[in-house]
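Please keep the model open while reading.

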Amino acid sequence: MDPRRSAQDVVRCDVCDTPVPPLHCDFCQTNLCKACVGEHMLDLSKKHQVVPFQDRGSTPNYPICTKHSSKQCELHCEQCDIPICAHCVSSESHKNHKLVDIYTNYEKKREDLQKDLQELVKSLSPKYQEIANKITVQKADLSKNSKKFTTAIDKHGEVWHREIDTIIQKLKSDLDEMDAKHLAVLNKQEDEITHTISEITQSIADLKKLLDSND
């Protein structure tokens, strides 16, 4: 073991740094050696409760009264739901109110909080965790089903595209065939008209020639 580390870990007097102080002020949370106890107790601005070091934390640490700063609150007014001191009681501002020991009230609230904690741990938390797990599963199923439907839609789309392409191709083919037939009719009509025009022109030429002759 590192001796320097061991020396640092030794509890010391908070006033003079003497190692292993035998005393402790519960109200001030201060470790004290015997030589420093007197000076500490002379600080009248605070209330002190010096106990053997091994008994530290055994003294109830009452809160300071908000109305009477020199007094500690040892009672709790249930109607007002606030800690109060003896001066508050004597001032009759809490007359006919139900007053209980502040630590009794603290323990009751602690028990209520413990019950709330147990309910949260044993009932509410598992219930909501179960709901959260179900939601996770539902989200996974939703994603899976969505992908499945998307794949099916894509396949149907490919089939429909092929069918539409076939229909369009047939319509184009039919249109080309109709155009070809129509064009053939027009070409035939054009040839016949051209032939007729040629015959008429020849007839006109023959008649002119006949008229121009002396025979």
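How many helices and strands are there in the protein chain? There are four helices and six strands.

## Basis

This is a predicted model, in which local features need pLDDT of at least 70, side-chain atom pairs count only at pLDDT 80 or more, and totals for chains, interfaces and linings use all residues. Residues are numbered from 1 along each chain as its sequence is written, and side-chain values use heavy atoms, with hydrogens and water left out.

## Overall layout

From the N terminus on, the order of elements is α-β-β-α-β-β-β-α-β-α. Helices (H or I, at least four residues) and strands (E, at least two) are DSSP runs, numbered from the N terminus. The protein chain is more spread out than a compact globule, because its radius of gyration is 55 Å, well over the 17 Å that the globule rule gives for 215 residues. That radius is taken over C-alpha atoms, and the rule is 2.2 Å times the number of residues to the power 0.38. Along the principal axes, the C-alpha atoms fill a box of roughly 175 × 65 × 40 Å.

## Sheet S2-S1-S3

Three strands form an open antiparallel sheet in the order S2-S1-S3. Strands pair if DSSP finds at least two bridges between them. The edges are S2 (30-32) and S3 (50-52), each pairing on one side only. The twist averages 35° from one strand to the next. S1 (residues 23-25) is joined to S3 by three bridges. His24 stands opposite Val51 in S3.

Helix H2 (residues 34-41) packs on this sheet and touches S1, S2 and S3. Contact means heavy atoms within 4.5 Å. The direction of H2 makes about 130° with that of S2. Axes are lines fitted to C-alpha atoms, for helices over the stretch in contact, and angles run from 0 to 180 degrees between N-to-C directions.

## Sheet S5-S4-S6

Another open sheet has three strands in the order S5-S4-S6, with antiparallel pairing. S5 (82-84) and S6 (99-101) are its edge strands. Neighbouring strands are turned by 40° against each other on average, direction ignored. Three bridges join S4 (residues 75-77) to S6. Leu75 has Asp101 as its bridge partner in S6. Helix H4 (residues 102-212) packs on the sheet, touching S4, S5 and S6. Its direction makes about 85° with that of S6.

## Largest pocket

The largest pocket is lined by 18 residues. Lys47, Ile64, Ser70, Lys71 and Gln72 lie nearest its centre. A pocket is an open set of points on a 1 Å grid over the protein atoms alone, where a 1.4 Å probe fits, with protein on both sides within 12 Å along at least five of seven lines; lining residues have an atom within 4 Å of a point.

The space in the largest pocket is about 320 Å³. Grid points are joined across faces, edges and corners, and a volume is the space filled by probe spheres set on the points. The lining divides into nine nonpolar, five polar and four charged residues. Ala, Val, Leu, Ile, Met, Phe, Trp, Tyr, Cys and Pro count as nonpolar, Asp, Glu, Lys and Arg as charged, and the others, Gly among them, as polar.
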